[in-house]
Amino acid sequence: NGDVTVDLPPGKYRVVAGKGLEFAPAEAEAVVAAGSTAEVRLVLARFADMPRLGWWAGDTHVHLTRLRPDDEQRILWAAQAEDVHVSNL
């Protein structure tokens with residue numbers, strides 16, 4: 001869903017996120033003090049919109065074990081995160 005929580009010791013951190021070749025990587029710095037939290041918001045900027053140009057990413061050979069009731073949704077989120085528009089689950 002785009003949110004992630006990470007437990008880290010106090011310190012200064014650089015956070016970097018990327019999403020394939022169609023997006024420019026985003027980065028930010030965060031300082032985590034003892035006993036507190038820090039929030040970082042990254043926005044990935046798309047510089048090439050391949051679906052708009054008629055190209056759709058797909059993966060027709062996916063093997064994933066489903067162990068919990070919400071695994072199906074997690075698989076769909078993973079495909080969405082990777083911009084996979086067509087997948088055979």
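Reader: How many salt bridges does the structure hold?

Author: The structure holds ten salt bridges. The model is a predicted one.

Reader: What makes the contact of Asp83 with Lys19 a salt bridge?

Author: The closest N and O atoms of Asp83 and Lys19 are 3.4 Å apart. The cut-off is a Lys or Arg side-chain nitrogen within 4 Å of a carboxyl oxygen of Asp or Glu. The pair therefore counts as a salt bridge. In general, side chains of opposite charge can pair when their charged atoms come close.

Reader: Why is the pair of Asp83 and Lys19 said to tie parts of the chain together?

Author: Asp83 sits in the loop between helix 1 and strand 6 (86-87), and Lys19 in the loop between strand 1 and strand 2 (23-24). These parts are 64 residues apart in sequence, so the pair ties them together.

Reader: Why is Asp83 called buried?

Author: Its relative accessible area is 17%. Buried means under 20%. Asp83 therefore counts as buried.

Reader: And what makes Lys19 partly exposed?

Author: Lys19 has a relative accessible area of 24%. Partly exposed runs between the 20% limit for buried and the 50% limit for exposed. Lys19 therefore takes the label partly exposed.

Reader: How do you know that Asp83 also forms a salt bridge with Arg46?

Author: Here the closest N and O atoms are 2.9 Å apart. That value is within 4 Å, so the pair of Asp83 and Arg46 qualifies.

Reader: Which parts does the pair of Asp83 and Arg46 tie together?

Author: Asp83 is in the loop between helix 1 and strand 6, while Arg46 belongs to strand 4 (residues 45-46). The two parts are 37 residues apart in sequence, so this pair ties them together. Arg46 is partly exposed, at 35% relative accessibility.

Reader: Which residues are linked in a network of salt bridges?

Author: Lys19, Glu22, Arg46 and Asp83 are linked in this way.

Reader: What makes Asp70 and Arg68 a salt bridge?

Author: Their closest N and O atoms are 3.3 Å apart. That is within 4 Å, so the pair of Asp70 and Arg68 passes. Asp70 is partly exposed at 32%. Arg68 is partly exposed too, at 44%.

Reader: Which residues make the nonpolar surface patch?

Author: Val4, Val6 and Leu8 make a patch of about 300 Å². Leu8 lies in the segment before strand 1.

Reader: How much space lies in the largest pocket, and what lines it?

Author: The largest pocket holds about 1,200 Å³ of space. Its lining has 28 residues, and Gly2, Asp3, Val4, Thr5 and Val40 lie nearest the centre. Strand 1 (11-17), strand 3 (26-32) and helix 1 (71-81) are the elements giving two or more residues to that lining. Strand 1 gives the largest share, four residues.

Reader: What is the lining of the largest pocket by class?

Author: The lining has 16 nonpolar, seven polar and five charged residues.

Conventions
Residues are numbered from 1 along each chain as its sequence is written. This is a predicted model: local features need pLDDT of at least 70, side-chain atom pairs count only at pLDDT 80 or more; totals for chains, interfaces and linings use all residues. Side-chain values use heavy atoms; hydrogens and water are left out. On a 1 Å grid over the protein atoms alone, a cavity is a set of points where a 1.4 Å probe fits but cannot get out, and a pocket is an open set with protein on both sides within 12 Å along at least five of seven lines; lining residues have an atom within 4 Å of a point. Grid points are joined across faces, edges and corners, and a volume is the space filled by probe spheres set on the points. Ala, Val, Leu, Ile, Met, Phe, Trp, Tyr, Cys and Pro count as nonpolar, Asp, Glu, Lys and Arg as charged, and the others, Gly among them, as polar. Patches are made of residues with over 30% relative accessible area and no salt bridge: like charges are joined within 9 Å, nonpolar side chains (Val, Leu, Ile, Met, Phe, Trp, Tyr) within 5 Å. Accessible areas come from the Shrake-Rupley method with a 1.4 Å probe; for residues, only the protein chains shown count as cover. Buried means under 20% relative accessible area, exposed over 50%, partly exposed in between (1.4 Å probe, protein chains only).
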